[in-house]
Every structure is written in structure tokens, then in C-alpha cells.
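Thanks for coming. I will take a few minutes on one protein, and you can follow along on the screen.

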Amino acid sequence: MRFPILSASLPQSRPMRDSLHATHRAFVEALEKRVKAPGPERLARLVRELSTRGEGPEPSTREHLAARAHFFLTTDVAKLWQPGLEAVSACELLSRKEISVLDLHAGLGTATAGMALLLAAVGFRGRLKATLSETDSTLSGMARHAVDALCDSLPFRIETSFATAPDAGRHDLVLLFDPVSRGQLPADPQEIRKLAGSVLGSRVKKTGALVLVDQAARAVARSVATAATLLAADGRPVYAPCLCPAKGGPCECPYASRPGRFCFHSQPVPLTPLIQSAAARSGLDRTEVNYTYLLATASGSTLSSPEVAADQVAGRVISHPNRVKKGFTYFVCTGRDVVQGFAPRLLDDGVTRGGRLPHGTVVVLSTGRSE
């Protein structure tokens, strides 16, 4: 059934997107000054080798590490922007003069970089204290370059520390980036639930949150969605991406309940000419990145669900726009089902343009007719 979208709350305004792109560009330029990038053809060959390694060990030469930083790190940071924006809202982070972040299994520092870029774009001007925990000294060495590039390019103070194991303190945000796809966790909902519950209970402040982001692979996405349901059943406030807890959940992910189906999220990425060229030569499209995620707060806060009438339903946009006559269609997750929604190109006044809704937008739908 097709539903016309009546109203929407946009998660990413145009000024904020422009600010994100500007801070991202400054970060990439600062990283290029600290880590020499291979030429486009060489970079394309290296990233092909990294992306097609199969089950074998990952290539670890200095050139491969530079390719990971310039091609994957600088684009994967975008996976943190929507979860980061929701963490800012859930924890009221902009009201704080200092934000402490723990990046578990930090790797190249992608999660720290992505969150820092988002904070800069939304106007945070306090102090960011980041602890990056990583046992691989080669990866942590590159993460230091990434953090130095952040310090060179962002308008607030960043204090960082590196450790093979974090201390026992609590933090405003705990970040887990690719814990399943990198092998720190099996693709098992019970294991993800166990780790998330432990982190929330021992590492996150009462006013803080856990942000877990992983690849948009079927087994990973289904496990993360199921783990979110299990966490909500445990009484843990699962803030996003699903509206179920806001409706008095938990409920089962509509996609995870169907064999072979899975839900994931997408974020456009601003690309430099080098990455555009390398992507074209390698056949690896990076104009957008796909991911799955889970945002859970330590106490109390869930994603706001708007009030709806009897013939309406609230949901979240989980696809990019598909242009049709007089507007755009989207797939919208209501927490109980995935339906198709319609947003008109011109709003009721006949002048104001609408219809293009960012991925993750909370919308109110009506069962009325769509033209």
C-alpha cells in the first residue's frame, strides 16, 4: 500500500550538510599533508587488493595502509554522521563544555574522526577527550596521523590518548566501529547483546550512549537488528535506528523477521578528485556508504515518535528518493512493517518545494490517497 507523507522532521539541514562537507574537506586536506597518498592508478590497484582479499590476511604494507587511510577512512567517516547526530540529540551533547569518547578497537580511528567531524558541523566548540583503544600498533600508528589531521582542521580542542586496553572510567560516548566485520565479535545477536549490555553498564555515563556501526552485510545487519530487540527486552533504552522503543517496544525488526532480508542505511560522501578517480579505476563506488548501526543510551532516552491520528502512522525513511510524477516515493519502516510512502514535490501552498527527504527522516504517513 502506498502512503502519502504528510509531515517530516529533517535530520540533516542544508546548512549542516554544507558544514559537514567543509569540515570533511579540511580533514582530508590535513591528512594528505601527513600521509602521502598513492597516485590514482596505484591507489585503485591497492584498494582492489584490499577489497578482494577474501578470508586471507589483510595486506599490511605501508602503501596498503596509506590506501586504507585515503580511500576507506576518509569515506567511512560518513557512517558516523547519522548515528552521531542522533547521539547529539539523545544525550544533549551540545550543552556540554567537554565530551569524553572511548573508541574501542579503534583501528584507523574512523569512528573518532567521524564523530569529531559531526560535532564540528553541529556547532560544538568545547573540548573533545578521545581515548582510542587498539592492540595493533600498526593501525594505531595510522590512527595517530588521523587524529593529528583532526587537530589541524577542526575548530575545537581535541585531547587524545592511545591504549592497548582502556581504563575503567566511564565516557559520554563509547564507539564500536566494525566489531563484527573485523572479527572482534561473531555475527551472533546474543554476543552483540552481551557486549552492548556490558559496555552500557560499565563504560558509559548515565547521561551517555553506545554507538555501534558495522558493515551493511546481511548476516551483520540481521544480527545487529535482533540484538537491538534483545537489548530493548532487557530494559535498555535503544534510541535508534528503530522507532519501536518510542512506541513502547520492543518489537522485531520487520526485515529480520523475513528470511534473507535485512535493513541497512546509506550516507552520501563528499569525494575528492583523487578518490573519484581511484573509485572509477577500481570499480568501487564510494559516492555513498552503506552501514548498519545501533544507538543505545545508558538510561531513559528513546527516539521521539510524533503523535499520530487513527488513520496515520509514524515511521523512518530507509531509502533514497525515487522520482515519480508530482513527487518522490520512499520505503518507510514503521517498526511493524516496511511500506512505500509518497512525498509531494510541491507542498500545500503550491510554492514551497519539498519531497526530498534524507535517509533517517522521521515522518508521519496517512492512509489517504497519493496522486
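Predicted model: local features only at pLDDT ≥ 70, side-chain atom pairs only at ≥ 80, totals over all residues.

Residues are numbered from 1 along each chain as its sequence is written, and side-chain values use heavy atoms, with hydrogens and water left out.

The protein has 9 helices and 14 strands. Helices (H or I, at least four residues) and strands (E, at least two) are DSSP runs, numbered from the N terminus. Of the 371 residues, 52% count as buried. Buried means under 20% relative accessible area, exposed over 50%, and partly exposed in between, with a 1.4 Å probe and protein chains only. Contact means heavy atoms within 4.5 Å. Among contacts with a separation of 6 or more, 79% come from residues 24 or more positions apart.

Now the helices. Two packed helices are described by the angle between their axes and the distance between the axes. The axes are lines fitted to C-alpha atoms, for helices over the stretch in contact, and angles run from 0 to 180 degrees between N-to-C directions.

How do helix 2 and helix 9 pack? Helix 2, residues 40-51, and helix 9, residues 273-282, have axes 8 Å apart at an angle of about 55 degrees. Helix 2 is therefore oblique to helix 9. On the cut-offs, under 35 degrees is roughly parallel, over 145 roughly antiparallel, 65 to 115 roughly perpendicular, and the rest oblique. From helix 2, Pro-40, Glu-41, Leu-43, Ala-44, Val-47 and Arg-48 meet Leu-274, Ile-275, Ser-277, Ala-278, Arg-281 and Ser-282 of helix 9. By class, the contact of helix 2 with helix 9 has 7 nonpolar, 2 polar and 3 charged residues. Here Ala, Val, Leu, Ile, Met, Phe, Trp, Tyr, Cys and Pro count as nonpolar, Asp, Glu, Lys and Arg as charged, and the others, Gly among them, as polar.

Helix 3, residues 62-76, also packs with helix 9, at about 110 degrees and with axes 10 Å apart. So helix 3 is roughly perpendicular to helix 9. His-70, Phe-71, Thr-74 and Thr-75 of helix 3 meet Ile-275, Ala-278, Ala-279 and Ser-282 of helix 9. That contact of helix 3 with helix 9 has 4 nonpolar, 4 polar and no charged residues.

Next, the single residues. Ala-67 sits in helix 3 and is buried, with a relative accessible area of 0%. Leaving out residues up to four places away in sequence, Ala-67 touches Leu-43, Leu-46, Val-47, Leu-50 and Phe-72. Ala-67 and Leu-43 are 24 residues apart in sequence, and 6.0 Å apart in space, C-alpha to C-alpha.

Gly-109 is in the loop between strand 2 and helix 5 (110-121). Is Gly-109 buried or exposed? Gly-109 is buried, because its relative accessible area is 3%. Neighbours within four places aside, Gly-109 is in contact with Leu-73, Asp-103, Leu-132 and Ala-143.

Last, Arg-96, in the loop between helix 4 (81-91) and strand 2 (98-104). Arg-96 counts as buried because its relative accessibility is 18%. Beyond four places in sequence, Arg-96 touches Cys-91, Phe-124, Asp-172 and Thr-207. The side chain of Arg-96 reaches the backbone oxygen of Thr-207 at 2.8 Å.

Note on methods
Polar contact = N/O pair within 3.5 Å; in protein donor to acceptor, adjacent residues only side chain to side chain.
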